[in-house]
Amino acid sequence: MDEDQSGGGPVTPSVSEARLSSVLGTAVDGIVVMDHQARILLFNTACEKLFGYTADEVRGQNVKILMPEDFALAHDRFVSNYLTTGEKRIIGIGREVRGKHRDGREFPIELSVGEAVTPEGRQFIGIMRDISARKAVEQRLAQAQAQLVSMTRISALDEMGAAIAHELNQPLTAIMLYLQAAKRQASSGSGADSKLVEIVDKGVNEAERASKIIQRMRRFVEKREPERRAVAVAPLIRECLELVTLGNACDGVAFAIDVEDDLPQISADPVQVQQVLVNLIRNALEAVRAVEDKRVSVSAGVRERDMIIRVSDSGGGVPAELVPNLFKAFSGSKKKGLGLGLAISRSIAQNHGGDLAVEQAGSGGGAAFVLRLPLSVGRASAEAQDAGEGMKGSSE
Amino acid sequence: MVVQFSDCAVPARCSPGRRGEAQVTVHIVEDDPGVGDALALLLRQIGHEVAIHPDAESLFEDPPPATQDTVIVDLGLPGVSGVQVIRWLSRLKTPPKIIAISGQPRQVIEKMLGDDQPAILLRKPLTEEAIVRHL
């Protein structure tokens, strides 16, 4: 006879069974009880939903019926090993495993196993939770993060290519023009030096070759236009926060999202905009790491024909002397990284017809980065896209 | 008399500033001394009268370019920008020919120019052929 745990005295077996039956039937998690030979003794309602079998169908069967083949093969060995050696592989530990539905479909479950010594021998109780939804979210975030990493690498290459092209342009222009002037000089008049002309000509050819490399590099970088589509800003911001918090230690940081109701969608490349926001939020997170009051907030609202997304923090702000070069490639003051993050972010904003700016004293007391993106593709951007490779009236 | 270079069959061989014609000057507004000097050297060899200005301010200090002149202006000037120079030149009563030059990426150029699109824009690195074609 059982003792009533509430102190109400002894209870009859039928009361105890009814209580157990109610607990098993109500539990959200799947509960399976098996004996030392791995035969199923008990299979609750949640388990019936989880695996597609009724309790009557599985009672007495080996628990392997609920496992994919690779797990099932090892299971008997695990049980036997535990019973002889006492070495625990899962009991009292819990782990993520895969279950197998009646229809053959496999799905991830979080399993914890307990043990009970009963008059009928040792029994094992497994409690299972379907984590398919959580896994799907994790997988989606991991994919988004991988996509971001890849995009960031491409953008870093673009930014570096553009910076190199720009920096080399000036001296290369001077070299080309000097050589062309030298060639003219050497070939003019009665004292023309044909050997010198030939040498300078070779120099001109090589400078032209370098020039074409720069032009190709620039064309390669510039042809990457954003892949625009209608983007809802609020879910995008939320996903960015999830992405940042997934891979970073955010203990003690208070995140806030302040997004106006009924925000219109923007015409943008969601991966690129996400890249900018993740970069800004990560920077904000880093800025508050050393301060006591750690706050990071992201707000979004419409101003005239633009979407304004503001990422502010309660960190130390951006020192005034860093502001002029803050968005230039390779100018970062961080010890790690190439200092391309903000340069890339601004390039992305500008490619979208918008811009990225910094406010030294944001609403959080630290820095605030303001991303401006047009609600729709503007006239200037449309013209630029129509113009394709070249620019209006330009030639190379 | 205004020399119409664009009517020349082979512009590179046109001889600006011929006897009896108005003096033609190519103004170079370029802050990079190497580019400015090399460009001036080449243009002088071709036969042009050249004035170099390291910035917009020094261009403004001199008498405004004449209508037969050409102004080659770098967009990325420090101080008063190349775009402001283009705007100023375009509003002259008899504006000169304007050739904008830049080594910046396309998006940056578009942002700098806005609606002030010059008739001719050459992107660095420059070649003799590209410049002479427009003179």
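This briefing covers the interface between chain B and chain A, then selected features inside each chain.

The model is predicted: local features need pLDDT of at least 70, side-chain atom pairs count only at pLDDT 80 or more, and totals for chains, interfaces and linings use all residues. Residues are numbered from 1 along each chain as its sequence is written, chains are lettered from A and ligands numbered from 1 in the order in which they are written, and side-chain values use heavy atoms, with hydrogens and water left out.

**Interface: extent**

- In chain B, 36 residues are in contact with 34 residues of chain A (contact means heavy atoms within 4.5 Å).
- About 3,200 Å² is buried between chain B and chain A, and carbon and sulfur atoms give 51% of this area. Buried area is the accessible area (1.4 Å probe) that two parts lose on being put together, summed over both.
- Three residues, B:R106, B:R123 and B:P125, supply 23% of the area that chain B buries against chain A, more than any other three residues.

**Interface: polar links**

- Nine residue pairs, both at pLDDT 80 or more, are in polar contact between chain B and chain A. A polar contact is a pair of N or O atoms within 3.5 Å; within protein, one must be able to donate a hydrogen and the other to accept it, and residues adjacent in sequence count only if both atoms are side-chain atoms.
- One salt bridge is counted between the two chains (a side-chain nitrogen of Lys or Arg within 4 Å of a carboxyl oxygen of Asp or Glu).
- B:E128 and A:R184 meet through their side chains in a salt bridge, at 2.7 Å from N to O.

**Interface: the chain B side**

- The elements of chain B giving two or more residues to the side that touches chain A are α1 (33–46), α4 (106–113), β5 (120–123) and α5 (128–133). Helices (H or I, at least four residues) and strands (E, at least two) are DSSP runs, numbered from the N terminus.
- The largest share, nine residues, comes from α1(B).

**Inside chain B**

- Strands β1 (residues 25–29) and β2 (residues 49–53) of chain B pair in the parallel sense over five bridges (pairing needs at least two DSSP bridges between two strands).
- B:H27 has B:A51 in β2(B) as its bridge partner.
- A cis peptide bond joins B:K124 and B:P125, with omega about 0°. B:P125 is found in the loop between β5 and α5 of chain B.

**Inside chain A**

- A:A38 is not a glycine, yet has a positive phi of about 65°. A:A38 sits in the loop between β3 (30–35) and β4 (40–43) of chain A.
- A:K195 forms a salt bridge with A:E198, with the closest N and O atoms 3.9 Å apart.
- A:K195 and A:E198 are separated by about one helical turn because they are three residues apart in helix α6 (residues 194–222) of chain A.
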